[in-house]
Amino acid sequence: MRCLRALRTLALPQGYIGAGFVRNAIWDELHQKVSPTPLNDIDVVYFCDEVTVPHSSAERKHTNASLSQLAAQSEVLSLVKSKEQAIERELTRLVPQATWQVKNQARMHMMHHHSAYKSCSEAISYWIERETCVAVRLLANDDVDVLAPFGLEANFAGTISINPKYPRPEVFEQRVVSKNWRKVWPLLKVVL
């Protein structure tokens, strides 16, 4: 709750905490863990396209952008990343025990060479596992707002499954092994 309250104080546009923060809490509950599984980091997503974020490299190939336009896009991207780092510093000030990772989802389409995303919901719908495509935020009245493009059924079913919208089997399989999910939560069922 401290993390959710800290994020709420920043009033980020479409500001949510997602991925393992939510997914792991559900899996911990399904496994009746007494204490929460430690997180490597807390993933904060928000969506601010006030500054035009560069197009994906695929989109750039179809334009006749000059070198000066590319330099301007690089400068914009650098400004967006600086803003993310400033948010991380502020969240660290508010909750120093947490390791924060903040990403403006208005720029994340470039990593996958997609067209620009229109919202956090669309952006997180491309994450690797269906169960990871979830985020939460605390509203002003202390209600929890859940963002789950695929719903929560798979999370509560105790599965870990590949994202059907953007399947990347090699990356999925590597993450299942490297993150030791089956050892931490032995009842999980891997669904390809």
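Trainee: Why is Asn 24 called buried?
Mentor: Buried means under 20% relative accessible area, exposed over 50%, and partly exposed in between, with a 1.4 Å probe and protein chains only. Asn 24 has a relative accessible area of 7%, so Asn 24 is buried. The model is predicted: local features need pLDDT of at least 70, side-chain atom pairs count only at pLDDT 80 or more, and totals for chains, interfaces and linings use all residues. Residues are numbered from 1 along each chain as its sequence is written, and side-chain values use heavy atoms, with hydrogens and water left out.

Trainee: In which element is the place of Asn 24, and what is Asn 24 in contact with, leaving aside its neighbours within four places in sequence?
Mentor: Asn 24 belongs to helix 2; helices (H or I, at least four residues) and strands (E, at least two) are DSSP runs, numbered from the N terminus. Beyond those neighbours, Asn 24 is in contact (heavy atoms within 4.5 Å) with Leu 39 and Trp 185.

Trainee: What puts the buried residues of helix 8 on the same side?
Mentor: In helix 8, residues 169–178, the residues Phe 172, Arg 175 and Val 176 are buried. They cover an arc of only 100 degrees around the axis, and therefore lie on the same side of helix 8. The arc is that of the directions from the helix axis to the C-beta atoms. The face turned away from this buried side carries the exposed residues Glu 170 and Val 177.

Trainee: Which elements do the buried residues of helix 8 pack against?
Mentor: They pack against helix 2, strand 6 (159–161), helix 9 and strand 7 (189–191).

Trainee: What volume does the largest pocket have, and what makes a set of points a pocket?
Mentor: On a 1 Å grid over the protein atoms alone, a pocket is an open set with protein on both sides within 12 Å along at least five of seven lines, and lining residues have an atom within 4 Å of a point. The largest pocket has a volume of about 760 Å³, volume being the space filled by probe spheres set on the points. Of its 32 lining residues, the closest to the centre are Ala 19, Asp 43, Thr 132, Arg 175 and Lys 179. Helix 2 gives the most to this lining, with four residues.

Trainee: Which residues lie nearest the centre of the second largest pocket?
Mentor: Asn 24, Ala 25, Asp 28, Pro 36 and Thr 37 do, among 13 lining residues. This second largest pocket holds about 210 Å³ of space.

How values were computed: On a 1 Å grid over the protein atoms alone, a cavity is a set of points where a 1.4 Å probe fits but cannot get out, and a pocket is an open set with protein on both sides within 12 Å along at least five of seven lines; lining residues have an atom within 4 Å of a point.
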